[in-house]
Amino acid sequence: MANDIENKELWKCLGNVTQSDWIKAAPHLDISVVKSNKGTSHFINLRDPKNPNPEDIRGLVTTVTPNCYKQYNEKIFKKILKFCKKNGKNENDVWKALGML
């Protein structure tokens with residue numbers, strides 16, 4: 001999907017995106033943020049609000065770790081973009097939600 005990314009310049013800057021950036025962006029993209037209910041995990045699940053049940057894998061959009069590096073952010077971006085496209089949003093909506101556009 002990297003070839004399908006329209007804004008190549010912003011794509012190069014994904015290394016600067018943090019877990020808190022994804023958490024802030026999620027509500028703008030109609031994605032639920034679900035914190036781990038087990039132990040002291042700092043992992044965050046971004047889920048389809050139509051299926052927020054943490055036990056149901058079908059509602060999972062992606063998992064975001066505390067330390068996001070560029071390659072991982074690229075994977076997160078692709079998964080969120082895929083979800084957004086299914087729900088009437090586009091790439092620019094994701095960039096805007098991240099505050100990069």
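Mentor: Start with Lys12, which forms a salt bridge with Glu9; their closest N and O atoms lie 3.4 Å apart. A salt bridge here is a side-chain nitrogen of Lys or Arg within 4 Å of a carboxyl oxygen of Asp or Glu. This is a predicted model, in which local features need pLDDT of at least 70 and side-chain atom pairs count only at pLDDT 80 or more, while totals for chains, interfaces and linings use all residues. Residues are numbered from 1 along each chain as its sequence is written, and side-chain values use heavy atoms, with hydrogens and water left out.

Lys12 is exposed at 52% relative accessible area, and Glu9 is exposed at 54%. Buried means under 20% relative accessible area, exposed over 50%, and partly exposed in between (1.4 Å probe, protein chains only).

Lys89 forms a salt bridge with Asp30, the closest N and O atoms being 3.6 Å apart. This pair links distant parts of the chain, 59 residues apart: Lys89 sits in the loop between α3 (70–86) and α4 (91–97), and Asp30 in the loop between α2 (19–25) and β1 (32–35). Helices (H or I, at least four residues) and strands (E, at least two) are DSSP runs, numbered from the N terminus. Lys89 is partly exposed at 23%, and Asp30 is partly exposed at 47%.

Asp56 forms a salt bridge with Arg58, with 2.8 Å between the closest N and O atoms. Asp56 is buried at 14% relative accessibility, whereas Arg58 is exposed at 68%. By the distance rule, the count comes to 3 salt bridges.
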